Amino acid sequence: MTTVSLTVNGQSVTADVDSRTLLVQFLRDTLRLTGTHVGCDTSQCGACVVHLNGQAVKACTVLAVQADASVVTTIEGIAQGGELHPMQAAFREHHGLQCGYCTPGMIMSAIDIVNRKGNALDEQTIRAELEGNLCRCTGYHNIVKAVAAGAQAMAQAPLQQAAE
Amino acid sequence: MYAFDYHRPTSVKEAANLAGQSEEAKFLAGGHTLLPTMKLRLAGPASLIDLGQIAELRGIQRSGDAITIGAMTKHAEVASSADIRAAIPALAELAELIGDPHVRNRGTIGGSVANNDPSADYPAACLALDAAIVTDKRRIAADDFFQGIFTTALDEGEIITQISFPIPAQAAYAKFRNPASRYALVGVFVAKHAGGVRVAVTGAGSNGVFRVPEMEEALSRNFAPEALDGIAVAEDEMNSDIHADAAYRAHLVGVMARRAVEAAAARD
């Protein structure tokens with residue numbers, strides 16, 4: 001066993017883990033943060049995307065021990081004060097989901113895109129940047145709309161952006 | 001995944017010592033090949049030596065006529081580096097074509113080069129740019145480093161610390177991606193140096209990354225796509241799989257080489 005200490009959604013966490021434990025297993029099974037999903041488990045689908053030190057990563061391909069001393073944000077950590085994050089609100093408003101399985105990863109990726117590329121995102125940029133996230137329901141059309149709208153909304157909500 | 005002992009050294013020296021103490025140790029860089037391989041139980045190292053906390057392995061420096069990149073520098077860092085964009089834009093563009101944004105936030109140049117996957121992008125850049133692969137023990141020319149599929153000049157326990165790329169006059173990388181894996185079905189890196197042109201091909205060769213001397217000679221005389229007319233690579237030295245047969249890959253080498261020359265020549 002190896003001891004890991006990290007900050008998850010603003011809270012300090014320390015636990016003894018088997019070295020083999022994936023970050024996504026640690027989040028789901030140890031911390032019971034089951035919003036982060038496991039889709040393919042082969043770094044393809046993006047259902048497990050979380051932010052590690054502010055960058056979007058596939059938590060199925062990171063060991064929990066590699067995240068020691070890091071700051072992790074999951075889908076559970078982005079709403080503030082009972083209000084949905086603007087990107088979450090945009091996915092609801094634009095019906096950017098059907099079954100919802102890919103949604104946590106989509107939203108965490110979308111916020112990362114805004115962090116890197118700014119609030120004015122064209123469709124081509126969004127589609128290219130979402131290539132690491134698979135959705136098997138919607139055909140992406142409403143997801144792309146939601147990301148564009150959520151990106152705009154994030155510009156209007158600087159406090160929420162800073163909160164991460 | 002099989003169980004392993006996990007180590008997190010903070011210096012290259014400590015990492016090398018750990019490797020010397022353990023049989024069947026593996027170095028963990030970005031982990032985007034090794035961890036999936038371990039999940040499939042195709043690899044089962046007894047110990048894993050994580051290079052992620054070694055500060056001396058990170059960073060990008062420009063010094064006169066070369067760009068030097070620390071082995072643990074991530075693809076996203078190469079893609080967004082202003083120094084690399086200015087000096088060798090083809091290298092930044094190549095990094096941006098690897099995997100997807102999440103993979104680029106974890107995968108490292110040193111890991112890619114050490115693994116020498118026959119469809120990886122960086123080996124083509126190293127060969128065409130005449131890079132030096134610097135380890136904790138020596139400096140290895142790219143021409144001597146890549147020795148066939150998943151095979152390199154690295155000794156057991158040897159650690160890549162940096163990769164140093166001479167800045168070319170012009171260069172470009174043209175990649176035909178597998179749309180699912182985003183690996184190169186065929187990728188061609190063309191670089192024009194003061195001493196001549198170098199052309200390196202990844203994804204296509206049955207023995208991994210390779211140079212094409214006929215193309216290099218023709219392009220050294222005339223750096224234009226039409227200089228490649230009539231030059232073809234041998235089909236029997238190409239990969240064949242469900243994604244593309246050898247004849248198609250051989251054809252794509254010619255097409256990608258032309259596109260790379262066109263893009264390189266259009267840079268100024």
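Biologist: Where does A:Arg32 lie?
Modeller: In this predicted model, A:Arg32 sits in the loop between α1 (23-30) and β3 of chain A, and its phi is positive, about 60°, although the residue is not a glycine.

Biologist: And is A:Arg32 buried or exposed?
Modeller: A:Arg32 counts as exposed, because it has 8 C-beta neighbours inside 10 Å, and the cut-off for that class is 12 or fewer.

Biologist: Which residue of chain B has a positive phi although it is not a glycine?
Modeller: That would be B:Phe150, with a phi of about 55°, and it belongs to the loop between α9 (142-145) and β8 (160-166) of chain B. With 13 C-beta neighbours inside 10 Å, B:Phe150 counts as partly exposed. As background, most residues other than glycine have a negative phi.

Biologist: Since β8 came up, in what order do the five strands of the open sheet in chain B run?
Modeller: The order is β4-β5-β8-β6-β7 in chain B, with antiparallel pairing. β4 (60-63) and β7 (139-141) of chain B are at the edges and have a single partner strand each, so one side of each is left without a neighbour in the sheet. From one strand to the next, the twist averages 20°.

Biologist: How many bridges join β4(B) to β5 of chain B?
Modeller: Four bridges join β4(B) to β5 (residues 66-70) of chain B, and the two strands run antiparallel. Within that pairing, B:Gln61 has B:Thr68 in β5(B) as its bridge partner.

Biologist: Changing topic, what span should helix α11 of chain B have?
Modeller: Helix α11 (residues 246-265) of chain B has 20 residues, which at 1.5 Å a residue should span 28 Å, and the end C-alpha atoms are 29 Å apart, which agrees.

Biologist: Which elements do the buried residues of α11(B) pack against?
Modeller: They pack against β9 (170-177), β10 (184-193), β11 (196-202) and α10 (213-221) of chain B. The buried residues of α11(B) include B:Leu252, B:Val253, B:Met256 and B:Val261, and B:Arg249 and B:Arg258 are also among them.

Biologist: Now the domains, what are the bounds in chain A?
Modeller: The domain assignment of chain A gives domain 1 as 2-76 and domain 2 as 86-163, and their centres, taken over C-alpha atoms, are separated by 21 Å. The contact between them takes 15 residues from domain 1 of chain A and 11 residues from domain 2 of chain A.

Biologist: Which element gives the most to the domain 1 side of that contact?
Modeller: On the side of domain 1 of chain A that touches domain 2 of chain A, β3(A) gives the most, with three residues. By class, that side of domain 1 of chain A divides into seven nonpolar, eight polar and no charged residues.

Biologist: And how far apart are the centres of the two domains in chain B?
Modeller: Chain B is divided into domain 1 (1-48) and domain 2 (170-265), and 34 Å separate their centres, again taken over C-alpha atoms.

Biologist: Last one, how many residues of chain A are in contact with chain B?
Modeller: 19 residues of chain A are in contact with 16 residues of chain B. On the chain A side, strand β4 (residues 55-58) gives the most, with four residues, and the side of chain A that touches chain B has five nonpolar, nine polar and five charged residues.

Definitions and conventions: Residues are numbered from 1 along each chain as its sequence is written. Chains are lettered from A and ligands numbered from 1 in the order in which they are written. This is a predicted model: local features need pLDDT of at least 70, side-chain atom pairs count only at pLDDT 80 or more; totals for chains, interfaces and linings use all residues. Two strands pair if DSSP finds at least two bridges between them. Axes are lines fitted to C-alpha atoms, for helices over the stretch in contact, and angles run from 0 to 180 degrees between N-to-C directions. Two residues are in contact if their C-beta atoms, placed from the backbone, lie within 7 Å. Ala, Val, Leu, Ile, Met, Phe, Trp, Tyr, Cys and Pro count as nonpolar, Asp, Glu, Lys and Arg as charged, and the others, Gly among them, as polar. Domain bounds come from an automatic or database domain assignment. The expected span of a helix is 1.5 Å times one less than its number of residues. A residue is buried if 20 or more other C-beta atoms lie within 10 Å of its own, exposed if 12 or fewer, and partly exposed in between; C-beta atoms are placed from the backbone.
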